[in-house]
Amino acid sequence: MSAWLPVAPCTPQTCARHTGAVRARLPAVLLLLAGCAWTLLGVACALPVRPLPGAVRTWLVRRWARGVPRAFGVRVAVRVHPYASAPGGELVVANHISWLDIPLVAAVLPGRMLAKSEVGRWPLLGRLAGLGSTLFIDRDRLRALPGAVAAVAEALRSGSRVVAFPEGSTWCGRGSGGVFRPAVFQAAIDAEVSVRPVRITYRPAGAVAFVGDDPLAASLWRVVRAAGHTAEVEVLAPVPAGEHAGVPASGEPGRRALARTAEAAVAGTDRTTTAPRAVAVVAQTAVASDRANRPAVSVHH
């Protein structure tokens, strides 16, 4: 089995269930149309905005990404731990539960996504990913792994922010998630950049889970039918990759130690990233009650 192909025990039948309030069909259909229309707008605008200055392009990406969960009827809350920004690239790693994870991270820390090559062949979303400078990897061939790591390292050295979901598969969000695969962390060590852990939590966790062989259409319909969903995004303190270069005292290769540190931070078992120094929630808005046109996500660095 390839190192890029972990297997999650989660299945749509056992994990992707919603037992709370349910929207009526008509409001759900309207949300589905709104969400798809907003996504199509991103596809249509991806190519025209590429020549724009980087700061303007980043602002537009954030605005679009903020609107995706909002359009599908999901509230969003963001929490950012204080940190001193450093020049150069950054590797962002997060747990993986749903297709919603991608716009949620992009709304806070937009960057080049790391995705499996199959995503590039998806209708609409594949084109959007390609126009967004996504780094595609071939997870089926272990021999392609060193090349993928080298490509990520080169992107980080060039100053890009790269976003990865190192669990390698989606997990339903009930209980513990998957193990962070160490390969992508080698790229951070090689490029000598920091790793930024991000914790994503959905409350309740059931309907948003996109696991196993779940069809995308079925997942979209579950999300818009389920009422009262909130997505919580917590940006945690950075982990300097340089501290894990070589073989540390634990005897583990640096990339494995770095992966374990980031995984512990995301899981909330690392006290240094769960201290009460975190900034309070800076935005929590509902689709139905957003009368003041406030953004679904608002982050202040």
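Accessible areas here come from the Shrake-Rupley method with a 1.4 Å probe, and for residues only the protein chains shown count as cover. By that method the chain has an accessible surface of about 14,600 Å². Carbon and sulfur atoms hold 58% of this surface.

This is a predicted model: local features need pLDDT of at least 70, side-chain atom pairs count only at pLDDT 80 or more, and totals for chains, interfaces and linings use all residues. Residues are numbered from 1 along each chain as its sequence is written, and side-chain values use heavy atoms, with hydrogens and water left out.

Start with the overall fold. The chain has nine helices and nine strands. Helices (H or I, at least four residues) and strands (E, at least two) are DSSP runs, numbered from the N terminus. Of the 301 residues in the chain, 49% are buried. Buried means under 20% relative accessible area, exposed means over 50%, and partly exposed lies in between (1.4 Å probe, protein chains only). A contact means heavy atoms within 4.5 Å. Take the contacts between residues at least 6 apart in sequence: 80% of them join residues at least 24 apart.

Now go inside. In soluble globular proteins, nonpolar side chains tend to be buried together. A nonpolar core is a set of buried Ala, Val, Leu, Ile, Met, Phe, Trp, Tyr and Cys residues joined through side-chain atoms within 4.5 Å. The largest core in this chain has 34 residues. Leu100, Val105 and Tyr202 have the most contacts inside it. Helices α2, α3, α4 and α8 and strands β1, β2, β6 and β7 (230–235) each supply at least two residues of this core. The largest share, five residues, comes from α4. What does Leu100 touch, leaving out residues up to four places away in sequence? Its partners are Val68, Pro69, Val74, Tyr202, Val208 and Val223. Another core, of 30 residues, lies apart from the largest one. Leu91, Ala259, Ala262 and Val266 are among its members.

Look next at helix α8. Ser219, Leu220, Arg222, Val223, Val224 and Arg225 are buried there. The cover over these residues includes α2.

Helix α2 (residues 25–46) also holds Leu30. Is Leu30 buried or exposed? Leu30 is exposed, because its relative accessible area is 53%. Leu26, Val29, Leu30 and Leu33 make a nonpolar surface patch of about 390 Å². Patches are made of residues with over 30% relative accessible area and no salt bridge; like charges are joined within 9 Å, and nonpolar side chains (Val, Leu, Ile, Met, Phe, Trp, Tyr) within 5 Å.

Aromatic rings come next. Rings of Phe, Tyr and Trp (its six-membered ring) pair if their centres lie within 6.5 Å; planes under 30 degrees apart count as stacked, over 60 as edge-to-face and the rest as tilted. The count comes to two aromatic pairs. The rings of Phe72 and Trp99 have centres 5.2 Å apart and planes at 75°, so this pair is edge-to-face. Phe72 sits in the loop between α3 (54–71) and β1 (75–80), and Trp99 in the loop between β2 (90–94) and α4 (101–108). Both residues are buried. The rings of Phe180 and Phe185 have centres 6.3 Å apart and planes at 20°, so that pair is stacked.

Charged side chains can link up too. A salt bridge is a side-chain nitrogen of Lys or Arg within 4 Å of a carboxyl oxygen of Asp or Glu. The chain has six salt bridges. One joins Arg196 and Glu90 (3.3 Å, N to O). Arg196 lies in strand β6 and Glu90 in strand β2, so the pair ties together parts that are 106 residues apart in sequence. Arg196 counts as buried because its relative accessibility is 1%. Arg203 forms a salt bridge with Glu232, with the closest N and O atoms 2.8 Å apart. Arg203 is in strand β6 and Glu232 in strand β7, 29 residues apart. Salt bridges that share partners also join Glu90, Arg161 and Arg196 into one network.

Finish with the backbone. Most residues other than glycine have a negative phi, and most peptide bonds are trans. A cis peptide bond joins Arg203 and Pro204, with omega about -10°. Pro204 is found in the loop between β6 (194–203) and α8 (216–225). Glu192 has a positive phi, near 60°. Glu192 is in the loop between α7 (183–191) and β6.
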